[in-house]
Structures are given as C-alpha cells and as structure tokens.
Amino acid sequence: MKTIRALMTGAALSLLALAAPAHEGEDHGAEPHAVPAMPQAGPRTEARTADVEFVAALEAGRLVLHINRFATNEPIANAQVEVSSGTFNAVAAPAAPGVYTVAGELFQAPGRYPLTVSVDAADTSDLLTATLEVPAAETAQAATTFSLRWWHGSLAGLLLAIGTGLAMLRRKASSTPMGRAA
C-alpha cells in the first residue's frame with residue numbers, strides 16, 4: 001500500500017509542477033545591452049568565426065541578419081554587410097543596431113541556398129558562409145507544431161502513469177480478502 005501511495009503522491013506532485021506559473025520581479029542583474037528579438041518560426045541559418053557570428057532568418061518576405069561579436073554577443077552596428085547567394089548579390093540595409101535586412105524574394109521557394117555574408121565594420125572585417133534551407137510548406141508547418149506535439153506526448157505519459165497507479169491500487173484492493181471466517 002505504501003508503494004501505491006508513493007506513486008499517487010509522485011503523480012500529484014508532477015501535476016503541481018506542470019501548473020506552476022513563471023513570475024516576474026526578480027532581479028538577475030542588468031543586461032549589458034538590448035538584444036533584438038529573434039523570430040520564433042521560419043527558415044534560419046547561422047555561422048560564426050572567431051570574431052563574428054550571425055543568425056539569418058526569413059521573416060515577412062525579407063532575409064533578416066542578426067550580426068554580433070562572437071566573444072561578447074555585442075551587436076555590430078554601422079557595418080557594411082553584403083549578402084550573396086549564387087548570382088544574387090545585395091547590400092543589406094541596417095534596421096537596428098546589429099540587425100540588417102535584404103529583400104528575400106529569392107529565398108521564398110523551397111530549396112537550399114548557400115549564403116556568403118561579408119561584414120566590414122570599423123574595427124573588424126569577416127567573411128562567413130552558411131546554407132539556408134527553406135522546407136516545403138508541410139515541413140514548415142510540422143516544425144511549428146513540434147512543441148504542441150511534445151506537450152501532448154508529455155501529458156499522455158503523465159496520464160498513463162496515473163492510470164497505471166490507479167490500476168495497481170484497484171488490483172491490490174481486489175486481491176485482499178474482504179472478510180475472514182474466524
């Protein structure tokens with residue numbers, strides 16, 4: 001019976017942990033600088049060298065590049081950024097400190113696009129390469145629903161554990177004799 005109680009207590013505590021909300025109001029130190037938010041979905045790629053790193057993502061029909069210093073994660077502002085892919089060559093326009101955009105019509109069709117990104121700032125110059133993979137529409141939708149599937153799988157596992165505990169409890173209760181003849 002103690003084992004059953006332990007299982008039920010563990011299942012109840014697991015449910016409480018899932019329901020625990022996050023909260024605000026704790027100071028974890030000041031941010032050294034504001035980092036622009038990255039899009040949550042869509043094709044993306046990244047590359048880095050000893051000095052520079054970038055993340056490029058397709059967002060609202062544009063290729064958005066977030067470029068920063070590798071060692072400090074500081075955005076590289078006021079840089080000359082050039083992007084090329086095959087015969088496509090363009091100078092990226094600054095959108096925010098460390099954020100640059102390029103027209104992304106070329107990258108709308110599914111496929112693999114090799115990117116070469118040239119970054120020329122006041123104190124650093126670098127050349128980075130990466131490959132942007134644009135999946136077919138079904139694959140892109142599957143990527144955005146992955147977290148929902150994970151949540152459903154976790155919930156199903158938890159319900160299975162609770163059901164197993166209840167079945168064990170019922171089996172144990174039915175196997176004990178109800179009354180004994182004296």
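Which residue in S9 does Gly111 stand opposite? Gly111 stands opposite Val134 in S9. The structure discussed in this report is a predicted model.

## The four-stranded sheet

Four strands form an open sheet, and their order is S5-S4-S8-S9. The pairing in this sheet is antiparallel. S5 and S9 stand at the edges and have a single partner strand each, so one side of each is left without a neighbour in the sheet. From one strand to the next, the twist averages 20°.

S8 and S9 are joined by 10 bridges, and the two strands run antiparallel. S8 covers residues 111–120, while S9 covers residues 125–134.

## The five-stranded sheet

A further open sheet is formed by five strands in the order S1-S2-S3-S7-S6, again with antiparallel pairing. Its edge strands are S1 (44–48) and S6 (93–96), each of which pairs on one side only. The twist in this sheet averages 25° from one strand to the next.

Within this sheet, S2 (residues 52–59) is joined to S3 by eight bridges, and the two run antiparallel. S3 is mostly covered, since six of its eight residues are buried.

## Two residues with positive phi

Most residues other than glycine have a negative phi. S2 and S3 form a hairpin with two residues between them, and Ala60 lies in the turn. The phi of Ala60 is near 50°, a positive value in a residue other than glycine. Is Ala60 buried or exposed? Its relative accessible area is 82%, and because a residue over 50% counts as exposed, Ala60 is exposed.

Asn78 is not a glycine either, yet it has a positive phi of about 55°. Asn78 is placed in the loop between S3 and S4 (80–85). With a relative accessibility of 75%, Asn78 counts as exposed.

## The aromatic cluster

How many aromatic pairs does the structure hold? There are two aromatic pairs. One of them is formed by Phe88 and Phe107, with 5.7 Å centre to centre and 80° between the planes, an edge-to-face arrangement. This pair links distant parts of the chain, as its members are 19 residues apart. Phe88 is in strand S5 (residues 88–91), whereas Phe107 is in the loop between S7 (99–103) and S8.

Phe107 also pairs with Tyr113: their ring centres are 5.3 Å apart and their planes stand at 90°, so this pair is edge-to-face. The cut-off behind this conclusion is that planes over 60 degrees apart count as edge-to-face. Through these ring pairs, Phe88, Phe107 and Tyr113 are linked into a cluster.

## The nonpolar core

In soluble globular proteins, nonpolar side chains tend to be buried together. The largest nonpolar core of this model has 26 residues. Which of its members touch the most other members? They are Phe54, Leu63, Leu65 and Ile67. Several strands contribute to this core: S2, S3, S4, S7, S8 and S9 each supply at least two of its residues.

Phe54 illustrates how contacts reach across the chain. Not counting residues up to four places away in sequence, Phe54 touches Thr45, Glu46, Ala47, Leu65, His66, Ile67, Val117, Leu128 and Ala130. Among these contacts are Leu65 and Ile67, which are themselves among the core members that touch the most others.

Terms used: Residues are numbered from 1 along each chain as its sequence is written. This is a predicted model: local features need pLDDT of at least 70, side-chain atom pairs count only at pLDDT 80 or more; totals for chains, interfaces and linings use all residues. Side-chain values use heavy atoms; hydrogens and water are left out. Rings of Phe, Tyr and Trp (its six-membered ring) pair if their centres lie within 6.5 Å; planes under 30 degrees apart count as stacked, over 60 as edge-to-face and the rest as tilted. Two strands pair if DSSP finds at least two bridges between them. Axes are lines fitted to C-alpha atoms, for helices over the stretch in contact, and angles run from 0 to 180 degrees between N-to-C directions. Buried means under 20% relative accessible area, exposed over 50%, partly exposed in between (1.4 Å probe, protein chains only). A nonpolar core is a set of buried Ala, Val, Leu, Ile, Met, Phe, Trp, Tyr and Cys residues joined through side-chain atoms within 4.5 Å. Contact means heavy atoms within 4.5 Å.
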